[in-house]
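Visitor: Before we discuss individual residues, please show me the sequence and the model, and tell me which rule stands behind each term as you use it.

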Amino acid sequence: QIGRNGDSSERRQINMPEVTESRTGQNAANSWKTKLSKKGNRILGALYLVWGMGVLLLLCVNMFSMIQLRKKTRASLQIRNRVFLCDEIAVPFCLGIFRPQIYLPSSLTPQEREYIILHEKHHIKRLDHIIKLAAFLALCLHWFNPLVWIAYILAGKDMEMSCDEAVVKKLGEDVRADYSASLLNLATDNAIMVGMTLAFGE
C-alpha cells in the first residue's frame with residue numbers, strides 16, 4: 001500500500017509541470033490574440049476616421065460651392081416661370097431639388113436662350129437633378145473607390161449628351177450646327193459646375 005501511495009505521489013509530481021507548461025502556453029496565446037485584436041481595432045478605427053473625414057470634406061466643399069452660387073444668383077431677373085437671367089454667371093444651369101430653377105447668363109442671345117431652356121427643361125423632366133444628387137451621395141460614401149468617381153463623371157456626361165440629342169431631335173437637324181456652336185461658346189466656362197450636385201451646367 002505504501003508502494004502504491006509512493007507511485008501515485010510520483011505521478012502527480014511528474015504531471016504537475018506538464019499542466020503548468022500547458023497553462024502558460026495557453027495564456028501566452030490568449031495574450032497574443034488580445035494584442036492582435038486591439039491592434040486590429042485601432043487600425044479599423046483609423047480607417048473609419050479617414051473615411052468619415054473624406055465624406056465630410058466632400059459635403060463641405062459642395063455646400064460651400066452651393067452657397068457661393070446662391071450669392072451670385074441673388075440679383076437675378078425672372079423672365080419666365082422659374083427661368084432667370086443673371087449677370088454674375090458665365091454658364092447656364094439648373095439649380096434646386098423640389099422646385100428647380102433655370103439660370104441663364106445675360107450674355108446669351110435670344111436664340112441661345114431658347115436652346116438652353118429646352119435643354120434644362122429636359123433635365124428637369126427626366127428628374128436628372130434628383131438622380132445626380134443620389135449619385136453624389138453614393139460618391140461621398142465610396143469616395144475612396146476610383147471606379148465610383150469614373151462612373152459619376154461618365155454618368156454626368158451621358159446626361160448632358162442625352163439632353164443635347166433630345167433638343168436636336170425636337171427642333172430638327174437644321175439647328176444642330178447652331179446648337180453645337182452655342183454649346184461650344186459655353187464650354188470654356190463649364191469648369192465651375194464640376195462637382196455641383198444640385199446644378200446642371202452646359
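Guide: A contact means heavy atoms within 4.5 Å, and by that rule threonine 73 touches Cys86, Ile89, Phe93 and Tyr103, not counting residues up to four places away in sequence. This is a predicted model, in which local features need pLDDT of at least 70, side-chain atom pairs count only at pLDDT 80 or more, and totals for chains, interfaces and linings use all residues. Residues are numbered from 1 along each chain as its sequence is written, and side-chain values use heavy atoms, with hydrogens and water left out.

Visitor: Why does threonine 73 count as buried?

Guide: Buried means under 20% relative accessible area, exposed over 50%, and partly exposed in between (1.4 Å probe, protein chains only). Threonine 73 has 7% relative accessibility and therefore counts as buried. Its place is in the loop between α1 (2-72) and β1 (77-80), where helices (H or I, at least four residues) and strands (E, at least two) are DSSP runs numbered from the N terminus.

Visitor: What makes lysine 71 partly exposed?

Guide: Lysine 71, found in helix α1, has 45% relative accessibility and so counts as partly exposed. The C-alpha atoms of lysine 71 and glutamate 88, which are 17 residues apart along the chain, are separated by 9.3 Å.

Visitor: How many helices and strands does the protein chain have?

Guide: The protein chain has five helices and five strands, which follow the pattern α-β-β-β-β-α-α-α-α-β when read along the sequence. Of its 202 residues, 29% are buried. Among contacts between residues at least 6 apart in sequence, 61% join residues at least 24 apart.

Visitor: Which residues touch the most other members of the largest nonpolar core?

Guide: A nonpolar core is a set of buried Ala, Val, Leu, Ile, Met, Phe, Trp, Tyr and Cys residues joined through side-chain atoms within 4.5 Å. The largest such set has 14 residues, of which Val83, Leu104, Leu108, Ile116 and Tyr179 touch the most other members. Two or more residues come from each of β2 (83-86), β4 (101-105), α2 (110-125), α4 (146-171) and α5 (176-187). A second, separate core has eight residues, among them Met66, Ile89, Leu95 and Tyr103. In soluble globular proteins, nonpolar side chains tend to be buried together.

Visitor: What does valine 83 touch?

Guide: Not counting residues up to four places away in sequence, valine 83 touches Leu77, Gln78, Ile102, Leu104 and Ile117. With the same exclusion, isoleucine 124, whose place is in helix α2, touches Cys94, Pro100, Ile102 and His129.

Visitor: How do you know that the span of α4 agrees with its number of residues?

Guide: The expected span of a helix is 1.5 Å times one less than its number of residues. The 26 residues of α4 should therefore span 38 Å, and the end C-alpha atoms are 38 Å apart, which agrees. At the start of α4, a side-chain oxygen of asparagine 145 reaches to within 3.0 Å of the backbone nitrogen of leucine 147, and just after α4, glycine 172 takes a positive phi of about 105°. The buried residues of α4 are Tyr152, Met159, Glu160, Cys163, Asp164, Val167 and Val168.

Visitor: Why does cysteine 163 count as buried, and how far away is the nearest cysteine sulfur?

Guide: Cysteine 163 counts as buried because its relative accessibility is 0%. A disulfide is a pair of cysteine sulfur atoms within 2.5 Å; the nearest cysteine sulfur, that of cysteine 94, is 9.8 Å away, and cysteine 163 is in no disulfide. A search of the whole structure finds zero disulfides. Cysteine 140, at 2% relative accessibility, likewise counts as buried.

Visitor: What makes leucine 127 and arginine 82 partly exposed?

Guide: Leucine 127 has a relative accessible area of 47% and is therefore partly exposed, and arginine 82, with 28%, is partly exposed too. Leucine 127 lies in the loop between α2 and α3 (128-141) and has a positive phi of about 60° although it is not a glycine. Arginine 82 lies in the loop between β1 and β2, and its phi is near 60°, a positive value in a residue other than glycine.

Methods: Polar contact = N/O pair within 3.5 Å; in protein donor to acceptor, adjacent residues only side chain to side chain.
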